[in-house]
Amino acid sequence: MALLIKNGTIVTADWQTKADIYCEGEQITRIGKDLDAPPDATVIDASGKYVFPGFIDPHVHVYLPFMGTFAKDDYISASKAALVGGTTTLIEMICQGRDSRALTDGFEFWMSQAVGKSACDFTFHQSVTRYDAEVEADLKEIVKAGVASFKVFLAYKGAFGITDEELYHTLRLAKQLGVIVTAHCENADLVLELQKQLLSEGKTGPEYHYWSRPPRVEAEGVHHLLSFAELTGAHTYIVHTSCEEALNEALAGKARGLNVWVETLIQYLVLDKSYAELPNFEGAKYVMSPPLRDKKNQEVFWNALRQGFVATVATDHAPFDFKGQKEMGRNDFTKIPNGIPSLEDRVNLLYTYGVTTGRLDLHTFVDCASTQAAKIFGLFPRKGTIAVGSDADLVVYDPNYRGTISAKTHSLNLDYSAFEGWEIKGRPSVVTVRGEVAVRDGQFVGRIGHGQFLKREPTHF
Ligand code: URP
Ligand code: ZN
Ligand code: ZN
C-alpha cells in the first residue's frame, strides 16, 4: 500500500526542506511539494514535525549469554522498544563464547532468534572469539552470507577475549575480505589484576568497577588495537569509547592515516560515574564496561561529535534486571552483569540533551544517530537517508512532545530504567519500516516478523 507523509520538515545529514514524501511498496518513490496519493494510501500529516531517516543503532545485544546469565530482551521486546524510540535498524553483536561450537552454527542460531520475531530491520557484527583454520573458513562463509563486519573483544579474558596472535590473524583476514573490525578496547590483563587487587582490599561495591577499568586501561586497548590495525591495514571501529584518553589514542591513529572510526554511547554523553556510586547497591544499575566516566568527559564527546571526530552514537544495549541479575554481584562487583540498557531512549536523549541544548545541530544529530552507521557498515543509501530509492524507514518526530522516561511505561522487558523520571523533549510520533507504519502516537502498532535481515557487501578494502 502507498504511504504519503505530508507537510513535514525533512531533515537528513546534509539538507533540510519542507516537502511531502511518497512511498510505494517498501521504498521512497517521490519527494516534492503538494504530492497526491491514491484514495487508499495511508496519509500522515507531519505539520509542525520533523521527518528524519529511520535511526540506526550500530551496537546492540539482544541474545547475550554473559557473566553467568542471559540478557533479558528477545527480538520481540527489543525491536518494539527500538521502534518506539525511532530506531528502525539495529546491528546486533553475535557473541558466541570462546569454547562454543562452529561459528556458522552461532550465526544461524543468532539469525533464528531474529527472523520471524523482529519488527525492525537487523543485521549482525560477527564476533571472533578464537582463531584457527576452521574459524577462518567459517568467517568466509559468514561474510558471503552478508555479514560485512567482525567484532573482537580485547577485554573479557576467558569468555569473549582473544589473544594477540588471534587478533593479528583476524585483522589480516578482515583486510583481505574488505570487512571492518569493530573492537571492544580494554586491556584484559590489567582489568583482571586491578579487580584482584580491589577485591583483596575488601573493595567489593559497584563503585569499584570504575577503578578496575580506569581510563588508561581503555586508552591502552585502543592504542593496542591500532598498532595491529596499522601493521595489517585493517579498517577498525572502536565501540563504546568513553573517555578523553581513549579518544585521543583513536585520533592519533586517524592523524597517522589509519582508517578508524569512533563510536560513543548515549550513556557516556548523559551519565557519569557518580551514578555507579549510588548507595544501597543502586549503583549496580549503572555498571557497564568501559565504566561511566568523570563528568568532564561529556563535553569532550559532545565537541568531538560536532567536529566529526566521533562518528556514531550507539547504545550497547545489554539489559539485565536489577532483581536477580545485577544482584548477582551484591558482594562482588566483578559479578554484576555489565550493561546499561538504552535502546528505547537513545534518540530522544540525544535530541533532548544534544539538539535542544544547542550542542548538536539537526544534521549532526541525524548523521551520528543514523547516516554514519549506514555509511560505515555498508547500508547506505538504502538506509540512513531520505532519498528516492531509499527504504521508506521514516521517523515523524514531534519536537513539542514532553514526557518522562519510566520502567513502568517502557517497552523493554526489564525491571528498571537507568533514566527513571528523566524529562524528554520530543519523541517519534510515527515510525515506518519499509513503508509499513510501526509506531503511531508513540505506541507500537507494527508487525512482529516484519523485520528483515540486511545483507551487506564488504566495502573496507
Ligand atoms: O557493559 C557492557 N558494555 N556490556 C555489554 C557487553 C559489551 O562489552 O559490549
Ligand atoms: Zn563491549
Ligand atoms: Zn557491546
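**Notes on the ligand and zinc sites**

1. The zinc ion (ligand 2) is coordinated by H184 through ND1 and H240 through NE2, at 2.0 to 2.1 Å. Donors here are N, O and S atoms within 2.8 Å of the metal (3.2 Å for Na, K and Ca), and water is not among the atoms, so sites may look incomplete. The model is predicted: local features need pLDDT of at least 70, side-chain atom pairs count only at pLDDT 80 or more, and totals for chains, interfaces and linings use all residues. Side-chain values use heavy atoms, with hydrogens and water left out, residues are numbered from 1 along each chain as its sequence is written, and chains are lettered from A and ligands numbered from 1 in the order written.

2. The zinc ion (ligand 3) is 3.8 Å from the zinc ion (ligand 2).

3. H184 and H240 are also among the residues that surround ligand 1, a set including H59, H61, D316 and M288.

4. Ligand 1 has polar contacts (pairs of N or O atoms within 3.5 Å). A polar side-chain atom of Y156 lies 2.6 Å from a ligand 1 oxygen, and a polar backbone atom of N338 is 3.1 Å from a ligand 1 nitrogen.

Conventions:
A residue is near a molecule or strand if one of its heavy atoms lies within 4 Å of it. A polar contact is a pair of N or O atoms within 3.5 Å; within protein, one must be able to donate a hydrogen and the other to accept it, and residues adjacent in sequence count only if both atoms are side-chain atoms.
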